[in-house]
Amino acid sequence: MNISDSETIAGYLATMDLERTLNIADADLVFFHTCCVRDSAESKIVGRIGETIHLKEKKKDLIVVISGCMMQQPGAAELLSKKFPHIDLMIGTSNLSSIQDLLEQLIRNKDKKNKFQKTQIECFNELNSKFNENDDVLRSSWPNAWVPIIKGCNNYCSYCIVPYVRGPEISRIPENIINEVHHLLKNNYKEITLLGQNVNSYGNDLNSDWTFTKLIESISNYDYKYRVRFMTSHPKDLSQDLIEAIAKNNMVSKHIHLPIQAGSDKVLRLMNRKYTQEKYMNLLTNIKNQIPGVSITTDVMVGFPGETEDDFLETMDVINKAQFHNAYMFVYSQRKGTPAASMPNQISRLEKMDRISRLIKLQNSISCEISKKYLNTTYEVLVDNMISGEIYCGRTDNGRLVKFKAKDSNIIGSFVNVKINYNKGSSLWGDII
Ligand code: SAH
Ligand code: SF4
């Protein structure tokens, strides 16, 4: 989501004749697009903002702009501008479409000593009630294109800041998505990734018969060779219709990212996830039975307030049973303003660290075992990047990353057959055949 937003921002900046540079020392403008889902993301960005103080000392004209979810937390922009008075402009999540105007204003208002004035903060308290369309996306992920279809979230998981900083769910008009996808395919994009905090709620706010399944079906029947991927799916909303659509449609990647978050029903209830372990596992079985070769990945968290050792062992147990191909594993992070932040029985850092390392060890061994099942089999891989020298990577139809050797960078964007020869932990290596 952040990469997709950043491509939109880069698009707005390109219309002002700004060019992207890979070297921060060459930049006339540094734009940070922040995330506040976990404190690790916040600390990282605060460190990076700090680094620009010295840049600005050397280059007085340098413009430093911060945008994104972090700006949308009450008081955060004011606090950050006190800590870093060298920041010129802060923009909230609903003010992104005004970037050009805000930057022009900023440059016009330079004071007489030719210095920028104090930090300007532009954050609407009321989050936007419409989906901002933008034709100027500056894409940087070819042959993949990120296509947002729904923004915001209505689920209010008790640990999560997203609904507060991104606002309620707003679905993008289907015609706009379909036109964009068609345009991308005509322009040689090979993989379309539909994005939303919960893609399965697509259409709920549109007062029409559009659902996510209908959307997937409408963009998967063009006469090009390509793949459609999507994330993320909330387990409470993933429908039987969708499972069938994925199973029968060759264009749709056989990969589902299905965050479980925890194994214990008590913790899932406290998290406000609206499913039980049993419901989740039944859904998983249904998916595996109906979509041959599907790979399922997940998000899981340890150290949620009130999580006992027994609750944690239930997470370990469900991870064992579910056999996810891969998992993003997080330590619960207290987010100010969310219900979980003020729940009793917060877990100590030491306990969280102990649990996360046990969980990572378990999942790594599962991912490694699953990877071994891929050995000596040939898969069609969409080559999407060069890692270094002659090493390239790409994804199988079920979303598995595969690395292999190739001589010619023209190979990026093509579909090749790769025979998997060995695995290094969970990562797959093979040869083009
Ligand atoms: N909308 C998606 C994911 C949003 S955030 C979903 O519901 O799955 C991505 C992941 O970050 C979440 O799945 C969750 O595992 C993790 N996360 C969110 N808030 C967190 C918090 N306060 N502490 C730790 N992890 C968190
Ligand atoms: Fe956050 Fe839950 Fe919404 Fe995902 S579904 S963005 S975890 S509130």
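Reader: Thanks! Which residues are around ligand 2?

Author: Those around ligand 2 are Cys153, Asn155, Tyr156, Cys157, Tyr159, Cys160, Val162, Pro163, Gln197, His234 and Arg273. A residue is near a molecule when one of its heavy atoms lies within 4 Å of it. Before we go on, this is a predicted model, where local features need pLDDT of at least 70 and side-chain atom pairs count only at pLDDT 80 or more, while totals for chains, interfaces and linings use all residues. Residues are numbered from 1 along each chain as its sequence is written, chains are lettered from A and ligands numbered from 1 in the order in which they are written, and side-chain values use heavy atoms, leaving out hydrogens and water.

Reader: Good to know. How does the shell around ligand 2 divide into nonpolar, polar and charged?

Author: The shell has 7 nonpolar, 3 polar and 1 charged. Here Ala, Val, Leu, Ile, Met, Phe, Trp, Tyr, Cys and Pro count as nonpolar, Asp, Glu, Lys and Arg as charged, and the others, Gly among them, as polar.

Reader: And Cys157, is that buried or exposed?

Author: Cys157 is buried, at a relative accessible area of 7%. Buried means under 20% relative accessible area, exposed over 50%, and partly exposed in between, using a 1.4 Å probe and protein chains only.

Reader: How many disulfides does the structure hold?

Author: It holds 0 disulfides, a disulfide being a pair of cysteine sulfur atoms within 2.5 Å. Take Cys69: the nearest cysteine sulfur belongs to Cys36 and is 4.9 Å away. Cys69 is also buried, with 6% relative accessible area.

Reader: New topic! Which residues touch the most other members in the largest nonpolar core?

Author: Leu194, Phe212 and Ile287 do, in a core of 83 residues. Such a core is a set of buried Ala, Val, Leu, Ile, Met, Phe, Trp, Tyr and Cys residues joined through side-chain atoms within 4.5 Å. Another core, of 20 residues, lies apart from it and includes Ala27 and Met90.

Reader: Where is Glu7 found?

Author: In helix α1, residues 2-14. Helices are DSSP runs of H or I with at least four residues, and strands are E runs of at least two, numbered from the N terminus. Glu7 is buried, at 2% relative accessibility.

Reader: What is Glu7 in contact with?

Author: Beyond neighbours within four places in sequence, its contacts include Val137, Arg139 and Trp146. Contact means heavy atoms within 4.5 Å.
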